[in-house]
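This briefing accompanies the sequence and structure shown below.

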Amino acid sequence: MRRKLKNIMILVMVLISGFLSACNFNGNEPYQMKSFTFTNQHGQDFGVEDLKGKVWIADFIFTSCETVCPPMTANMAALQKKLKSEDIPVEFVSISVDPSVDTPEKLREFMKKFTEDDSNWNMLTGYSQQEIEKFAREEFQTLIQKPESSDQVIHGTNFYLINQNGEIINDYSFTLGDDFKEIIADVKKQTKL
């Protein structure tokens with residue numbers, strides 16, 4: 001029964017992700033991010049004020065994820081490495097969708113599985129489940145839901161590009177793997193403004 005429920009949740013997550021990716025920001029007016037301050041993997045406050053004047057890429061993950069989060073984070077690490085190799089200044093922000101479980105220490109250990117370089121990558125926690133669900137819905141137009149019957153969290157799987165003014169410019173499917181041409185081209189456009 002537990003396996004069946006898990007498979008149903010995975011199917012629902014994939015369907016929701018597909019639906020949400022159809023609602024991307026490309027072609028629409030940029031959306032201005034509201035102010036936020038959360039806690040990063042080092043237990044320090046981190047938020048919009050730290051990102052002012054910077055281009056950044058965000059996603060939503062959680063450390064006990066059994067499906068999409070490990071490949072998403074691996075792709076984010078590969079993108080980080082690629083952009084650094086081209087000397088393109090960009091920040092990375094991974095926002096936990098399971099804050100009651102994801103302590104700064106757990107986020108730090110999770111990140112180490114993919115990269116040792118957190119110089120421009122912050123993994124965030126430090127809010128309630130209700131707050132992150134509202135934040136994701138209102139700021140990123142994406143769904144987060146933690147069913148009471150599971151330790152897995154349903155969430156969108158896109159990467160989001162945010163410009164120096166805190167405006168969400170576009171979103172991208174994490175399933176692009178290491179084919180980062182579109183996102184790199186868009187980042188370059190934003191860093192040259």
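Contact here means heavy atoms within 4.5 Å. The model is predicted, so local features need pLDDT of at least 70 and side-chain atom pairs count only at pLDDT 80 or more, while totals for chains, interfaces and linings use all residues. Residues are numbered from 1 along each chain as its sequence is written, and side-chain values use heavy atoms, with hydrogens and water left out.

**Overall architecture**

- The protein chain contains 6 helices and 10 strands; helices (H or I, at least four residues) and strands (E, at least two) are DSSP runs, numbered from the N terminus.
- Of its 193 residues, 49% count as buried, where buried means under 20% relative accessible area, exposed over 50%, and partly exposed in between (1.4 Å probe, protein chains only).
- Among contacts between residues at least 6 apart in sequence, 74% join residues at least 24 apart.

**Nonpolar core**

- A nonpolar core is a set of buried Ala, Val, Leu, Ile, Met, Phe, Trp, Tyr and Cys residues joined through side-chain atoms within 4.5 Å.
- The largest such core has 51 residues, and Ile-57, Phe-60 and Phe-140 are those with the most contacts inside it.
- Helix α3 (residues 69-85) supplies the largest share of this core, namely 6 residues.
- Leaving aside neighbours within four places in sequence, Ile-57 is in contact with residues including Met-76, Leu-79 and Leu-83, as well as Val-93, Phe-159 and Ile-183.

- Helix α3 has 17 residues and reaches 24 Å from its first C-alpha to its last, close to the 24 Å expected at 1.5 Å a residue; the expected span is 1.5 Å times one less than the number of residues.
- Its buried residues are Cys-69, Met-72, Thr-73, Asn-75, Met-76, Ala-77, Leu-79, Gln-80 and Leu-83.
- Asp-87 lies in the loop between α3 and β5 (91-96) and has a positive phi of about 55 degrees although it is not a glycine.
- Most residues other than glycine have a negative phi.
- Asp-87 counts as exposed because its relative accessibility is 69%.

- Helix α5 (residues 129-140) has 12 residues and reaches 16 Å between its first and last C-alpha, close to the 16 Å expected at 1.5 Å a residue.
- Gln-129, Ile-132, Phe-135, Ala-136, Glu-139 and Phe-140 are buried in α5.
- Seen down the axis of α5, these buried residues fall within an arc of 125 degrees, so they line one face of the helix; the arc is that of the directions from the helix axis to the C-beta atoms.
- The face of α5 turned away from its buried side carries the exposed residues Gln-130 and Arg-137.
- Gln-141 follows α5 with a positive phi near 55 degrees, and its place is in the loop between α5 and β7 (144-145).
- Gln-141 counts as partly exposed because its relative accessibility is 40%.

**Strands β5 and β6**

- Strands β5 and β6 run parallel and are joined by 4 bridges; two strands pair if DSSP finds at least two bridges between them.
- Val-93 stands opposite Asn-122 in β6.
- The chain crosses from β5 through helix α4 (residues 104-112) to β6, and this β-α-β crossover is right-handed, meaning that, with the strands pointing away from the viewer, the path from the first strand over the helix to the second runs clockwise.
- From β6 (residues 121-124), Trp-121 and Met-123 point one way and Asn-122 and Leu-124 the other way, and all are buried.
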